[in-house]
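Trainee: Could you walk me through reading this one, feature by feature? I'd like the general idea each time and then the case at hand.

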Amino acid sequence: MLYLFISYFFIPLVHAVIVTQVHRSRIFYPASSCFFLRNASSMVNPSIQSCTWECIYENNCCTAVYDYDHKVCSLFSETCSLNSIQAPSGNVRASVICCRRSYGAKTACPSIGATTVLTPASTSSRSTSTSPSTSSRSTSTSTSTSASSGSTSTSTSTSSIAISTGTSLISTSTTCTSCVIVPSHQNSASNYQVEHINFNCTSSLSNFTLVYVVKRSNNETYAQQYATFWSGITNMTAVQTASAVTYVWYTLPDAIINFAGFPYAAEAQFHHDSNGPSRYTGDDTWSMTFQSVCSDWVNYTGTF
């Protein structure tokens, strides 16, 4: 159901109308990394409402994403579109806020080169992701207000960026292939942990390799691993040393990870001597490398 509230505020030299729509149980796929403005991490009492106001008062903000589990508000200068708002996969609980302004925000994105490496901008070191997924049905609410000019924001033109919200990592590249990667971890038993990645890319991938490195700080030992790739496309292996357990998934010779099969997932499972959820996952890393349809090499990295 759509609730619409429109108010007009007459401010000297500025007459602005801002209408917001909230799409619940959705995530945002930006067209390019240069649209990312900032994470509003300094909000007092973070909520979907305060995230909406953060976007309203950021002159160049057209879209905001609020992560309910980690209370992170990410701001973008790109205008919402149906293609960029999709249902999340895994245990991500987020809403997308579309902010439309009568005076128009700056949505132009500078031309930047292809990405080579993506690393998280920030990570939550001891968060867990055990909340069930919410319904994929989208609802909308609308409010409006006015905003005066005067506040400014800058968008850094870099070749890559990753917005990390605890265990929810939203990544985008400026190559002809973009991926959204969502790492998470769960504790299915007191001394048994699972580290998991869901990922969704905009085209097929070749020469694919995915590596998890689990630090053996609490006597971690290999249990099992699996993936949702199509049969005959990839193989997987694991190696345990004194310092780490390394899980690897890789494509077979001349095999292609087909775009039609996305999203895919890969999971590593292991035993440990720590006390359940208290095990620290910030030292466990993942790295994904592949060739895009343009034949350039792309690498994503992060932690759990």
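Trainee: Let's start with the sheet: what is the order of the four strands, and is the pairing parallel or antiparallel?

Mentor: Two strands pair if DSSP finds at least two bridges between them, and strands here are DSSP runs of E, at least two residues long, while helices are runs of H or I with at least four, all numbered from the N terminus. In this predicted model, four strands make an open sheet, β15-β16-β22-β18, with antiparallel pairing. β15 (179-189) and β18 (221-227) are the edge strands, each pairing on one side only. On average, neighbouring strands of this sheet are turned by 15° against each other, direction ignored; the axes are lines fitted to C-alpha atoms, for helices over the stretch in contact, and angles run from 0 to 180 degrees between N-to-C directions.

Trainee: How many bridges join β15 to β16?

Mentor: Nine, with β16 covering residues 192-201 and the two strands running antiparallel.

Trainee: Before we go on, what should I keep in mind about the numbering and the cut-offs?

Mentor: Residues are numbered from 1 along each chain as its sequence is written. As this is a predicted model, local features need pLDDT of at least 70 and side-chain atom pairs count only at pLDDT 80 or more, while totals for chains, interfaces and linings use all residues; side-chain values use heavy atoms, with hydrogens and water left out.

Trainee: And what is the average pLDDT of the protein?

Mentor: pLDDT is the predictor's confidence in each residue, from 0 to 100. The protein averages 73, and 68% of the residues score at least 70. Over residues 1-15 the pLDDT is below 50, and this stretch has 30 contacts in the model beyond near neighbours in sequence; contact means heavy atoms within 4.5 Å. Residues 110-174 also stay under 50, with 204 contacts beyond four places in sequence.

Trainee: Now the aromatics: why is the pair of F199 and Y264 called tilted?

Mentor: A pair of aromatic rings is described by the distance of the centres and the angle of the planes. Rings of Phe, Tyr and Trp (its six-membered ring) pair if their centres lie within 6.5 Å; planes under 30 degrees apart count as stacked, over 60 as edge-to-face and the rest as tilted. By this rule there are 15 aromatic pairs. For F199 and Y264 the centres are 6.2 Å apart and the planes at 35°, so the pair is tilted. This pair links distant parts of the chain, as F199 sits in β16 and Y264 in β22 (residues 264-271), 65 residues apart.

Trainee: Are F199 and Y264 buried or exposed?

Mentor: Both are buried, and buried means under 20% relative accessible area, exposed over 50%, partly exposed in between (1.4 Å probe, protein chains only). Compare F208 and F229, an edge-to-face pair at 5.5 Å centre to centre with 65° between the planes. F208 and F229 are buried too, and F199, F208, F229, F262 and Y264 form one aromatic cluster.

Trainee: Which residues touch the most other members of the largest nonpolar core?

Mentor: A nonpolar core is a set of buried Ala, Val, Leu, Ile, Met, Phe, Trp, Tyr and Cys residues joined through side-chain atoms within 4.5 Å. The largest has 28 residues, and F199, F208, Y212 and M288 touch the most other members. β17 gives the largest share, five residues. There is also a second, separate core of 15 residues, with V22, A40, C55 and I97 among them.

Trainee: What does β17 pair with?

Mentor: β17 pairs with β23 in the antiparallel sense, over six bridges, and V213 stands opposite T285 in β23. β23 in turn is joined to β24 by seven bridges, again antiparallel, with W286 opposite G302 in β24. β23 and β24 form a hairpin with five residues between them, and S295 in the turn has a positive phi of about 75°.

Trainee: Last one: where is I48, and what does it touch?

Mentor: I48 lies in helix α1 (residues 48-57) and is buried, with a relative accessible area of 9%. Leaving out residues up to four places away in sequence, I48 touches V22, R24, Y66, Y68, S95 and I97.
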